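Thanks for coming, everyone. Let's take a quick tour of one protein. Have a look at it first.

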Amino acid sequence: MCEFLWGVGTGAFQVEGSWRKDGKGSSIWDRFIHSEFRDAGSTDASSDSYTLLDKDLSALDFLGVTFYQFSISWSRLFPTGVVAAPNEKGLQYYNTLIDSLLYRNIDPMVTLYHWDLPLMLQEKYGGWKNESVIDIFNDYATFCFQTFGDRVKYWITIHNPYLVAWHGYGTGIHAPGERGKITTIYSVGHNLIKAHAKVWHNYRKHFKPYQKGMMSIVLGSHWIEPNKSEDALDISKCQQSMDRVLGWFAKPIHGDGDYPEELKNEFSFLPRFTEDEKNYIKGTADFFAFSFGPNNFKPPNTLPKMGQNLSLNLREVLNWIQLEYNSPRILIAENGWFTDSHVKTDDTTAIYMMKNFINKVLQAIKYDNIDVFGYAAWSLLDGFEWQHAYNIRRGLFYVDFRSEKKERIPKSSALYYKQIIRENAHI
């Protein structure tokens, strides 16, 4: 029996609001929603976590979580993205958040990049298409380690790079909204992998020896099952599909430092890693951080399904990860489902899905001996849901965005999760 980490997560852009307040710079998402969304005005506040931090902390207290995974808004610390004197109010906010969590015995798990690239870096360099952003990201990460690292034991470099590359620079449904060539998508992915590896080595060499933290990158995926379980062609198509989504990033980082053969064979234009780069990239994660939720199933048109069946069987994916990547320690870094925007606190679908997902995780631990050490339900509270804006809700706590006080009201799923945490502190 060991202590199991039960947590909950949010992304800064989804919940903080205050996009112009106290010297914060614009991010690519600020511009994207004001140019692409008809109802842009209402996104300025969202759940307002920047000004209502105490309400978030009370919600965390209510659940009894052992960690809180949140992201830092890069442009709230450095309005242009380039490291200079930090924006004092932004710095104060994150220091207060981290200190308040520790006071409550909640571990902060900090994501450096959850999709909100400072707008200036997009305009000046073309964002993640440009290798220059790798060093700028590393400078920003260095500042975060120097400033918060004495109190942070879990770091995430990038949240779900697959969606950054595919939807930011391919389909255009995420910021910066570019509908690029497939070559662009893969060069962006290449730069994201290099950026992650650089930051990991930086931390390991200069900070880990005395800060003693751990670091990973959150990789997201769907799961796909063959139509006929004994059909070799069906099975190989499923493997290809997984290689193209999860394997694209997992094999370089958690495997041998290189892309899956399936991708290399399919795309002659795929950027190549040199032998030195392969050695530099492989093993740059202290655990396998995995995201499994609606963003990887919706919209489905980008998923290479190949006539197979999408499945929500989390236990099966965990088994696949165990086999493919040599039995890593796994953190479920994002998991949950969604409800329609009109659903207030009686979110029965979300509870049903949560129950199913958590059962699968517990089965994987108990029956398959998979080393899962923590689970983050997503999300703490209702907020801005990317391309869905406010048309869906993913919070355990309901927020009426139009109200002034924006109280965090526990949904049925919050009550259920609280009970799960209380009854399963040790697994």
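Start with C238. Is it buried or exposed? C238 counts as buried, because its relative accessibility is 6%. Buried means under 20% relative accessible area, exposed over 50%, partly exposed in between, with a 1.4 Å probe and protein chains only.

A word on the source. This is a predicted model: local features need pLDDT of at least 70, side-chain atom pairs count only at pLDDT 80 or more, and totals for chains, interfaces and linings use all residues. Residues are numbered from 1 along each chain as its sequence is written, and side-chain values use heavy atoms, without hydrogens and water.

Another cysteine, C144, is buried too, with a relative accessible area of 0%. How many disulfides does the structure hold? The count is 0, taking a disulfide as a pair of cysteine sulfur atoms within 2.5 Å.

C144 is one of the buried residues of helix α7. Others include V133, F137, Y140 and F148. In total, 12 of the 17 residues of α7 are buried, so the rest of the structure largely encloses this helix. Helices here are DSSP runs of H or I, at least four residues; strands are runs of E, at least two; both are numbered from the N terminus.

Now zoom out. The protein has 16 helices and 14 strands. Its C-alpha trace spans about 55 × 50 × 50 Å along the principal axes. Of its 427 residues, 62% count as buried.

Last, contacts, meaning heavy atoms within 4.5 Å. Among those with a separation of 6 or more, 77% join residues 24 or more positions apart.
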